Amino acid sequence: MNYPIHAYDQHGSLKAPVWLYLLLAFLGRTWLLLAIAAASRTTGADILTLFYPDNHHFYLGLAAGLPVVILLVCGRLKSDHRPMLSALWRHGRWLLLATWLMDLSLQLSGILHARGLIGLYQSLPLLASFWFGWYLLKSRRISDYFDGAHVLSHGVTRG
């Protein structure tokens with residue numbers, strides 16, 4: 001057993017780490033902002049304008065976060081009857097790495113567009129992005145979670 005018993009669910013499958021949920025929220029932050037703006041009908045446009053004054057960056061953020069949305073749907077619908085979704089799920093770590101690179105490039109292009117003048121609102125997400133990239137590259141639990149190979153055996157008793 002590579003992980004403590006609390007890392008497994010009641011079916012013996014490896015649970016997603018909390019940092020994965022934070023990573024998904026970070027990479028899909030434009031989609032989360034869109035959901036918040038849609039929920040607050042009267043001030044939704046003002047919320048979007050506050051975070052994305054240029055519509056172009058908003059649409060690029062939606063495109064960059066689309067693989068996260070697709071991965072969340074695949075994680076919910078994957079089964080033995082849907083081998084294509086299961087295959088996409090097994091490559092989830094690489095899909096997240098590609099999404100992270102796309103998000104990082106959008107952040108860096110925004111900094112270049114501002115001619116290197118970095119504010120706090122740009123430096124904190126950039127710092128978080130570097131940390132999440134390191135986490136994606138180094139975390140064995142993330143790759144084990146997407147592989148689905150680490151499942152506790154129900155027939156073996158440990159004592």
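A crossing of two helices is left-handed if the near helix is turned anticlockwise from the far one by less than a right angle. Keep that in mind.

What you see is a predicted model. Start with the overall picture. The protein has 8 helices and 0 strands. Along the sequence the pattern reads α-α-α-α-α-α-α-α. The C-alpha trace spans about 60 × 35 × 25 Å along its principal axes. There are 159 residues in the protein, and buried ones make up 35% of them. Now contacts. Take those between residues at least 6 apart in sequence: 68% of them join residues at least 24 apart.

On to helix pairs. Two packed helices are described by the angle between their axes and the distance between the axes.

First up, helix 4, residues 55–77, and helix 6, residues 92–113. Their axes come within 10 Å and cross at roughly 165 degrees. Angles over 145 count as roughly antiparallel, so helix 4 and helix 6 are roughly antiparallel to each other. Their crossing is left-handed. Which residues make the contact? From helix 4, they are Leu60, Gly61, Ala64, Pro67, Val68 and Leu71. From helix 6, they are Gly92, Leu95, Leu96, Thr99, Met102 and Leu106. By class, that contact has 9 nonpolar, 3 polar and no charged residues.

Next, helix 6 with helix 7, residues 120–138. Again the axes come within 10 Å, and here they cross at roughly 155 degrees. Helix 6 and helix 7 are therefore roughly antiparallel to each other. Helix 6 passes helix 7 in a left-handed crossing. On the helix 6 side, the residues that meet helix 7 include Arg93, Leu96, Trp100, Asp103 and Leu104. On the helix 7 side, they include Pro125, Leu126, Phe130, Phe132 and Lys138. How many charged residues does the contact of helix 6 with helix 7 have? It has 3, along with 12 nonpolar and 5 polar.

Leu96 of helix 6 is listed in the contact with helix 4, and Leu96 is listed in the contact with helix 7 too.

Last stop: helix 2, residues 29–39. Thr30, Leu33 and Ala37 are buried there. Seen down the axis of helix 2, its buried residues fall within an arc of 60 degrees, so they line one face of the helix. What do they pack against? Helix 3, residues 44–51, and helix 4. Now turn to the face of helix 2 away from its buried side. That face carries the exposed residues Ala38 and Ala39.

Note on methods. Residues numbered from 1 in each chain as written. Predicted model: local features only at pLDDT ≥ 70, side-chain atom pairs only at ≥ 80, totals over all residues. Heavy atoms only, no water. Axes fitted to C-alpha atoms, helices over the stretch in contact; angles between N-to-C directions. Helix = DSSP H or I, 4+ residues; strand = E, 2+ residues; numbered from the N terminus. Parallel < 35°, antiparallel > 145°, perpendicular 65-115°, else oblique. Contact = heavy atoms within 4.5 Å. Nonpolar A, V, L, I, M, F, W, Y, C, P; charged D, E, K, R; others polar. Buried < 20%, exposed > 50% of the residue type's maximum accessible area, 1.4 Å probe, protein only. Arc of directions from axis to C-beta.
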